[in-house]
Amino acid sequence: MKKSSGETPLMTSEQILKGLRNRDPRGIARAISLVEENDPLADEILASLDDSLVDQAMVLGITGPPGAGKSTLTDRIISSYRSREKRVGVIAIDPSSPISGGAILGDRIRMMGHSLDQDVVVRSMATRGRLGGLCAAAGAAVRILAGSGCSVIIIETVGVGQSEMDIIRLADITALVLAPGLGDDIQAMKAGLLEVADILVVNKADCAGADTLAMDMESIARERGGKDNDYTKVCKTVASEGKGVDNLLGAIETVDASHRESGERRTRRKKAYDLEVLDWALEMIRPSIVEKIEKSDIERKGDPRLWAAKLLEQT
Amino acid sequence: MVNKGKHPDYKDWEVKELASSLNRFPERKEKFKNHGGEEIPRLAVPDRVDEEYLENIGFPGRYPYTRGVQPTMYRGRLWTMRQYAGFSTASESNLRYRYLLDQGTTGLSIAFDLPTQIGYDSDYPMAAGEVGKVGVAIDSLADMELLFDRIPLDKVSTSMTINAPAAVLLAMYVAVAEKQGVESSKLNGTIQNDILKEYVARGTYIFPPRPSLRLITDIFKWCTDHTPAFNTISISGYHIREAGATAVQEVAFTLANGITYVQASLDAGLELDNFARRLSFFFNASSDLLEEVAKFRAARRLWARIMKQRFNAKKPASLMMRFHTQTAGYTLTAQQIDNNIVRVALQALSAVLGGTQSLHTNSRDEALSLPTEESVRTALRTQQVIAHESGVANSVDPLAGSYFIEGLTDRIEAQASELIGKIDKAGGVVAAIEDGFIQRQIENSAYEYQQEIEKGERIIVGVNEFQTDERTKPPLLRVDPNVENAQVQALKELREKRDNKKVEEALANLSECARNTSNLMPEILAAVKTYATLGEICHVLREVFGEYRG
Amino acid sequence: MTVQKKHRVLIGKPGLDGHDRGAKFIARALRDAGFEVVYTGIRRTPEEIAAAAVQEDVSAVGLSSLSGAHMTLFPAVVGALKNSGAGDIPVLGGGVIPDEDIGPLKDAGIKEVFTPGTPVEQIIAFFRTACEAQEGPRT
């Protein structure tokens, strides 16, 4: 690795691994970057992680439409967990511009109060217009954060595109955050997100329409649920004032306990693991397939699926 | 001098508003004449004054005030030439104020440093490097006393650019006046006290919106009784424009904020026609001269209509939008700074043609650092040249009737009104702020504007066109780095000299008051007199109200 | 991954100054040029900015100051980065900064200073160069 003209060289693999073990912020950050880039060092990094830590950590998904106050709520949730002495990791996902490929990663603004707390690690990640690979990257980041000792890892995402929807499946427990007055165009979004939500949060609960929204959500939850639906909770919060957050944590705990007992947690983890494996696998074969397609000199005519099948036979 | 053939409304205006104004004070001259001896008309009107004219253009000093809020405007009194100043220590600022008063300014305008604006003392860790930089550092009543040393508060009008901790600074001003033997009812001036724009354009907020509105209405109430000649709010569009908004957005967001303050005051039990007369506004004078003139006229008319139709205000004073203007800081360049003098002159001209009540003209070196004495003098002279040499002050609203100006005035009013409607639909300004709607609108406009410059679609002379190689090296004003040390030292001494028991008591009372609903001003005034520091007072309030996170 | 690597940068405003028009513009312009920009907003201490820069593994930090406090605040960010073992991350500064201060700022470790009127293309190019140098020959 190149040594820059600055004070210290960019980290060597030993330094990164050591940093991970010692919970050094830079080591953790570098590790996440390297795995996200599928750097040759990624294998070593991931192999060095303590699996039991990954097993024990709780992965909490926070999703919902823009304007619901997710980041403010996440900030408060972090504070609550910190007051319970838990080490917290956060992965905040923001959409990349489809035109330029760049992104403004602005979720962090709401969490800056925790910047100097060594036991809060926040990582912003852009979707990078990926149809795949986002789960792989985020999943790896979750592992690294868990491996560095985070017992709670929060994934925060908007939940619009398919890729963001998938991200949420990495979580053990998902909270869908809504707020009154956000408009009807989020109905469609809600429908998809309601599938994955374990807890429904009505934020800005002090605003007009909050009670109605909460009641609507409660009836939807009841409809959706089957026999064991008594744990699809609806929590009310006023994130900007920190109200209702402890109650929310209580609901999370209840759901968590219930999932562990019923085996749901294990089932979800297996599904999440499979999803990550699939994502990695696709990412790994993608380059060779792309190369084959580009190098191919057949006429671009007729049914593309036939040709695709042929290509796969050859791999 | 009454002509035959005038519309009856015109004559009515002459015998009512005009006569009343001339009774109170005459025009500056017996006759206004040009070099050839011809008399300059007070008010140019079309040959045929029709319904359309009466409804939309009208007469100065009469609803809807399109042509101005006073019948004689600058023929009666020129606008107040109010130059914003203040930096480093209170005693240095004091010297600068006395210099300006000698040079002919008719009002003082005080700039405070960032720690003061955010309610921090000069020894607060985050104040490091910021003390005395963008304005004067006021840590306690002691600093305020130095600031106004030998300035008789019953003889000046003082505008204080202070928002989140406005109550505290106002209390200090009142306390200084008391020591001078001046009754609070004689005090003249303004506190900016406009917290809503801070959240979207300026960033010097402390508390969240709701407790901030409570503080503001407490100030309104207290001042109605104790400082009736003081303007208790300067609802500001200047900073919104500086942040990148368009002219329409400047009008819309400013007036929407005004609506919010009026509503909050009504909700707090205040009588509309009692407090509305003390509301004042503060606008930007940007570079598109004709658009700016139309903007000021549109804003004035729109506000009058809002106060009448939405709030049912009865007294004329409640319908009149009085405003201060500052020329646009964001248009000034670091390259070829003398060009800035020209920019400021044209911008100032637009404000005068638009009917402003007071005006601050920026200095040419504003893009680089705080202005030198010479630059400040030139900025003041700019106003004086416009007032005494250009002739535009000799007739009221001279551009009225121009197809261009009237058409644009109508359009700006319509578009601003529509945008206000959108904010209403979003649940009002506070909801729109929490949602980020207003911030996004401003950001998008700012981005477009800058991109136009980068692409060369919008020419900025000396920057992307007509550049020169030489870098002008003007004499810059540097803030003495020892200012911070001096303030910190003074704070230490203050804390030793004062009666700390009294301070503690006062702060405890303040905390109690903040937790319930009584008016905060008396407690703040009491605390200020014990020489409790600004930081200590604001800390108490932060604990009770919380802090806003942007 | 098959996706292109992105340059990650942080844009922030240290100190009490709340005028973020310039910083927001640069953040957006960088995004439009393909960068991933961690925007940390206003009213941050140098330590907070440095901590964020480290956690986000950015290749460059951009600071903005219009209140005249840059001589204190910009070097403080450089110092805070050094203390976190990240002294190699280049720090660029912009805002209302007199010419005479540019030399001392560079001596204090600021890689480049952008004064008002600098074309945004130039600023982006500089960020790109700084990031490429920082990231080195990554495959």
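In the predicted model, R77(B) lies over the face of F25(B), 3.9 Å from the ring centre. A charge is taken to sit over a ring if NZ of Lys or CZ of Arg is within 6 Å of the ring centre and within 35 degrees of the ring normal. Local features need pLDDT of at least 70, side-chain atom pairs count only at pLDDT 80 or more, and totals for chains, interfaces and linings use all residues. Side-chain values use heavy atoms, without hydrogens and water.

Over all chains, 23 aromatic pairs are found; rings of Phe, Tyr and Trp (its six-membered ring) pair if their centres lie within 6.5 Å, with planes under 30 degrees apart counted as stacked, over 60 as edge-to-face and the rest as tilted. Y53(B) and F59(B) form an edge-to-face pair, 5.9 Å centre to centre with 65° between the planes. Both Y53(B) and F59(B) are buried (under 20% relative accessible area; exposed is over 50%, with a 1.4 Å probe and protein chains only). The pair of Y74(B) and W79(B) is edge-to-face because the ring centres are 5.0 Å apart and the planes are at 80°; Y74(B) and W79(B) are also buried. Ring pairs link F281(B), F283(B), F296(B), W303(B) and F323(B) into a cluster.

Backbone features include a cis peptide bond from Y63(B) to P64(B), with omega near 0°. E85(A), which is not a glycine, has a positive phi near 65° and is exposed, with a relative accessible area of 71%. D397(B), also not a glycine, has a positive phi of about 45° but is buried, at 6%.

How values were computed. Residues numbered from 1 in each chain as written. Chains lettered and ligands numbered in written order.
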